[in-house]
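Please read the following report alongside the sequence and the coordinates shown here.

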There are 2 protein chains.
Amino acid sequence: MKAAHKPRSEMIAETRAKLIAAARRAFATTGYANASMDDFTAEAGLTRGALYHHFGDKKGLFEAVLAQIDQEMCVRLNEISARAKTRWQGFLDENIAYVEMALEPEIQRIVLRDGPAVLGDPAQWPNANACISAITANLVALKAEGLVRDIDAEAMARLISGASLYAAQWIANSEDPGATSIKAVKAFRALMEGLLVAGKPAS
Amino acid sequence: MKAAHKPRSEMIAETRAKLIAAARRAFATTGYANASMDDFTAEAGLTRGALYHHFGDKKGLFEAVLAQIDQEMCVRLNEISARAKTRWQGFLDENIAYVEMALEPEIQRIVLRDGPAVLGDPAQWPNANACISAITANLVALKAEGLVRDIDAEAMARLISGASLYAAQWIANSEDPGATSIKAVKAFRALMEGLLVAGKPAS
DNA sequence: CCACTTACATACGTGGCGTATGTCAATGAG
DNA sequence: CTCATTGACATACGCCACGTATGTAAGTGG
């Protein structure tokens, strides 16, 4: 019987979700270039026809996958910064969490490696900008509180996220990620504390 | 007459150089994935046979191109840091030059975008490590001079180069690279000065 | 001078992407 | 209820690009 009679829109959403999920697995494991559309659509019980209908082309599907991952990342980051007691602490936690997320192989491969090659500069992605904005907003607020020095907030936000990203890459590829992670977080904290106005306690 | 009778090894080097040059142009303009081996080997007056003979496969040729670019970058960076009056100034100059080099479209495309997707994490590339080592060495020396705070040098070097890279991306893709560049360099300088022990002059 | 190696070119097979076309089910009007 | 229409897929086809296997001519050492 298969219960094949749900409303149409629901079926569509399901199909899209299945395609995205299968592609996400394939992209994460074999990489964008090596992922065969025939293979992973078949794995989802579909064909390339469905893919081209919904996403236009391979790149379109990749964008959808990346948007999904990006959103998940943002949600997690917001939860973390919301939990912190002080704004400064939230700022630190958020950035450190960013580093740690970049340790996950799926994020490494899809977001950090293939993403730029396929879609261009990450800073131009809609969501990346959202994440940057969050950091920027935090910095503006911290400046207003007189906690950090007077620096262009957006520029500093870019530099910081760059440092986080690179630190993440380093950790992920090191022999002992645990130990490296500790060193990286420590250095990162030091770098951030350099932004505080002299004499302020690091909360 | 064509003077076709040079020693063999010389002919080989010439062939390799021609292939690398043609591939470099193709990779820079159309990107790794879209560069057709038939096309750019023909442009060099050769066929894919030569390519496979010398470089094994497309990725092998890409590695050769990247090695060439990397070396050029290192030479330029070393020249710059050597010209500076103080070590701290050299350190700053070198990093800022790194940012500025990343503005060049060829470096953007080949080194920063396609490179990681094709060859994996840049931190693992032989030369990237060489550049990191240079920064690390500088930091160690600066710490010994008592100029910068006591932080793990390698970790900090990674963070710094990450910040530089990201800043470069940001500048390159902004509407007004000139203005953005000024903001970025200023913020970068501030970030670096946060590393100085309190009260030291920024030379 | 000859056997052998080397530096390429040519020919071929395979696989993956995109498009054009076909089909069947769901929807809405009368 | 019925029929026309739309939309969600599947199927079929062509093309291009990569890699490999094979051929060839020139150079090299004995």
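Angles under 35 degrees count as roughly parallel, those over 145 as roughly antiparallel, those from 65 to 115 as roughly perpendicular, and the rest as oblique. The model discussed here is predicted, so that local features need pLDDT of at least 70 and side-chain atom pairs count only at pLDDT 80 or more, while totals for chains, interfaces and linings use all residues. Residues are numbered from 1 along each chain as its sequence is written, and chains are lettered from A and ligands numbered from 1 in the order in which they are written.

**Helix packing in chain B**

Helices (H or I, at least four residues) and strands (E, at least two) are DSSP runs, numbered from the N terminus. Helix α5 (residues 87–101) of chain B packs against helix α7 (residues 126–144) of chain B at an angle of about 150°, and their axes are 10 Å apart; axes are lines fitted to C-alpha atoms, for helices over the stretch in contact, and angles run from 0 to 180 degrees between N-to-C directions. α5(B) and α7(B) are therefore roughly antiparallel to each other. On the α5(B) side, B:R87, B:W88 and B:F91 meet B:N138, B:A141 and B:L142 of α7(B), two residues being in contact if their C-beta atoms, placed from the backbone, lie within 7 Å. By class, this contact of α5(B) with α7(B) has four nonpolar, one polar and one charged residues, where Ala, Val, Leu, Ile, Met, Phe, Trp, Tyr, Cys and Pro count as nonpolar, Asp, Glu, Lys and Arg as charged, and the others, Gly among them, as polar.

**The contact between the chains**

The contact takes 34 residues from chain B and 34 residues from chain A. On the side of chain B that touches chain A, each of the following helices supplies at least two residues.

| Helix of chain B | Residues |
|---|---|
| α6 | 105–119 |
| α8 | 153–173 |
| α9 | 177–193 |

The largest share of that side, 13 residues, comes from α8(B), and its residues divide into 20 nonpolar, six polar and eight charged.

A rotation of 180° with 0.0 Å of shift along its axis superposes chain B on chain A (RMSD 0.1 Å), copies being superposed by least squares on the C-alpha atoms of residues with pLDDT of at least 70 in both. That is the relation of a two-fold axis. In chain B, the C-alpha nearest the axis belongs to B:G194, 1.8 Å from it.

**A residue of chain A**

A:R25 is found in helix α1 (residues 8–30) of chain A, and its C-alpha lies 9.7 Å from that of A:V65, 40 residues apart in sequence.
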